[in-house]
Structures are given as structure tokens and as C-alpha cells.
Amino acid sequence: MFESFLAYKSGRWLRLAAVLVVVAIVSYGWQDLPVDRNGGTPVGYALGTIAAILMVWLTWLGRRKRNYHSNFGSVLGWTSAHVYLGSALIVIATLHTGFQFGSNVHTLAYVLMLVVCLSGLYGVWVYSRYPYKITGNSKGKMRNALFEDLKEEDRQIGRLSARLEDEDNKVIRGALERTEFGRTYLDQLMAKDRSKVQIPGRGLCDNKDMQGLADHLVAQLQASQSPARSEALQGILSRLGQRALILGRIREDVRLVAILKVWLFVHVPVAFAALAALAAHIFSVFVYW
């Protein structure tokens with residue numbers, strides 16, 4: 001039976017995170033101080049210590065949960081801990097600050113920590129949603145299978161285009177070769193189709209969704225006087241429609257997978273930046289305060 005990392009062991013890590021949050025809030029609220037609450041009080045130091053330990057431990061957990069050969073706990077369990085303790089860290093670190101912020105390394109460490117945690121929560125959201133979208137888009141097929149379908153369409157189009165004149169054959173084969181799936185990561189995120197087709201007398205034209213080639217072939221079909229040529233063109237146009245559908249599924253698969261991973265480009269590097277800022281924060285506290 002499938003068990004989600006969010007419900008791992010009946011919410012073991014959720015309960016632990018909830019206890020930490022409640023203890024932190026109660027401790028923060030029960031302070032009887034002659035000054036405003038801040039990170040320099042006994043409770044502030046305790047919360048800061050817990051937050052610092054969590055930040056270091058969660059960074060290590062990020063490494064551990066990708067080590068599938070380790071026997072030290074399960075990947076599912078560590079992922080659950082990563083999510084819930086990371087969420088608890090937001091509350092604990094915020095209470096540690098005493099809601100006192102400024103243009104300094106202390107606030108920088110807090111902001112970077114917040115970015116890491118929020119990007120992690122975004123990652124939880126996309127991983128709970130987009131795998132189903134990927135499966136629905138591809139109709140249960142892996143991307144390699146979609147490319148095999150595309151190759152089969154290309155073979156059939158090539159067989160039909162071989163019955164045409166060399167100029168027509170060159171246009172069609174050139175369009176197939178110039179099919180694009182996203183040169184840049186931004187193109188992949190936007191499912192941008194930059195495919196081109198070289199049309200005689202017009203030069204290199206846009207061929208989004210194979211439309212540029214299809215329009216050219218329709219014009220050729222309307223002007224055709226040969227039944228054999230017309231039959232071949234009609235067959236190619238039919239195949240181009242199917243090819244466009246497959247291309248659409250491949251591009252959508254690429255887009256969804258790119259969205260699934262994009263948060264990591266923020267989460268991972270900012271996590272290390274947050275650790276560096278944390279070290280500077282601790283050093284400045286014990287040296288200059």
C-alpha cells in the first residue's frame with residue numbers, strides 16, 4: 001500500500017514538529033522581561049540554538065534523503081522529517097528574532113532561511129501535484145516511448161515524401177530535422193516551439209506545431225495536378241497532424257518536469273548561503289555582543 005511522506009508513520013514527524021512549535025510559542029509568550037523580547041534573552045538563545053541545529057540538520061537531511069543506499073533510516077521518513085521540521089523552523093526562527101529586523105547579517109540569515117523553507121514548501125506542492133499531470137499528459141507513457149512514436153511518424157512521413165519531387169522532399173525532411181524541444185531552460189518552462197521550415201521563395205519560416213509546413217503543403221495540394229502527388233500530400237498532412245499531437249505531449253512533458261525541478265535552483269544554493277549567513281550571525285553574536 002502506498003504511503004505518502006506527508007503521512008509517514010501516521011504523521012510521526014508532524015506531531016514532533018507540532019510539539020516543537022507549541023513549546024516555542026509558549027516559552028516565547030511566558031517570558032517576563034524588562035525589555036522587548038529579542039534573540040539575546042535566555043529563551044531567545046534557546047530558540048536560536050534549536051533553529052541553528054535544525055538548519056544544519058535539515059541541510060544534512062537533504063543530502064541523506066538522496067542517498068538511496070544508506071541503511072540509516074528510510075528515504076520516505078527523512079523526507080517527511082525534512083518537510084515538517086523545516087516548517088517548524090520558520091516559527092522557531094521567527095520567535096528567536098523577537099520580530100526585530102534591520103539591515104544586518106542577522107536579518108540576512110533569517111531571510112535566507114525563510115527563502116529556503118518557503119521554496120521547500122513549494123517543492124512539496126509541485127511534487128504532490130505535477131507527477132499526476134505528467135502521467136495524464138503522456139497517457140502513462142515514458143518520454144522515451146513518446147519519442148519512439150515520433151520516430152515512427154517521421155518514418156511514415158519520410159516514406160510518403162520519397163514519392164514527391166526532390167524540392168518537396170527537401171522541404172519536408174528539413175522541417176522534421178529543425179524540430180525544437182526547448183533550447184533553453186526558459187523555453188522548456190514555457191513549452192516554446194522555435195521549430196523552423198525552409199520554404200522555397202520565402203526562406204526560413206516559423207513552424208510552430210508543424211503549422212508552417214502544413215500551410216505550405218496545403219498550398220501545394222491545391223495546385224497539384226497529379227493524383228499520385230495529391231495522395232502523397234494528403235497522407236503527409238494527416239501524419240503531420242498526428243506528429244503535432246505527439247510533439248505537444250513531449251513539450252508538455254518537458255515543461256512539467258522543468259517546473260518540477262525549478263524550485264531546486266533556488267532551494268539548494270540558497271540553503272548553503274543561509275548556512276554561511278548563519279555562521280556569520282553566530283560569530284558576530286559571540287564576538288561583538
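Biologist: Let's start with one side chain: is Glu153 buried or exposed?

Modeller: Keep in mind that this is a predicted model. Buried means under 20% relative accessible area. Glu153 comes out at 8%, so it counts as buried. You'll find Glu153 in helix 5, which covers residues 143–161.

Biologist: Which residues does Glu153 touch, leaving out those up to four places away in sequence?

Modeller: Its contacts are Arg239, Gln242, Arg243 and Ile246. With Arg239 there is also a side-chain polar contact of 3.2 Å.

Biologist: Now charge pairs. How many salt bridges does a search of the whole structure find?

Modeller: The general idea is that side chains of opposite charge can pair when their charged atoms come close. Here the search gives 13 salt bridges. One of them joins the side chains of Lys151 and Glu148, at 3.7 Å from N to O. Both residues sit in helix 5, 3 residues apart, or about one turn of the helix. Lys151 is partly exposed at 45% relative accessibility, and Glu148 is partly exposed at 43%.

Biologist: And what does Asp154 form a salt bridge with?

Modeller: Its partner is Arg243, with the closest N and O atoms 2.5 Å apart. Asp154 belongs to helix 5 and Arg243 to helix 9 (residues 227–262), so this pair ties together parts that are 89 residues apart in sequence. Asp154 is partly exposed at 23%, while Arg243 is buried at 1%.

Biologist: Which residue forms a salt bridge with Arg229?

Modeller: That's Asp168, and the closest N and O atoms are 2.6 Å apart. Arg229 is in helix 9 and Asp168 in helix 6 (residues 166–177), so the pair links parts 61 residues apart in sequence. Arg229 is buried at 15%, and Asp168 is buried at 5%.

Biologist: What about cysteines: how many disulfides does the structure hold?

Modeller: A disulfide is a covalent bond between the sulfur atoms of two cysteines. This structure holds 0 disulfides. Cys117 is buried at 11% relative accessibility, and Cys205 is buried at 12%.

How values were computed
Residues are numbered from 1 along each chain as its sequence is written. This is a predicted model: local features need pLDDT of at least 70, side-chain atom pairs count only at pLDDT 80 or more; totals for chains, interfaces and linings use all residues. Side-chain values use heavy atoms; hydrogens and water are left out. Helices (H or I, at least four residues) and strands (E, at least two) are DSSP runs, numbered from the N terminus. Buried means under 20% relative accessible area, exposed over 50%, partly exposed in between (1.4 Å probe, protein chains only). A polar contact is a pair of N or O atoms within 3.5 Å; within protein, one must be able to donate a hydrogen and the other to accept it, and residues adjacent in sequence count only if both atoms are side-chain atoms. Contact means heavy atoms within 4.5 Å. A disulfide is a pair of cysteine sulfur atoms within 2.5 Å. A salt bridge is a side-chain nitrogen of Lys or Arg within 4 Å of a carboxyl oxygen of Asp or Glu.
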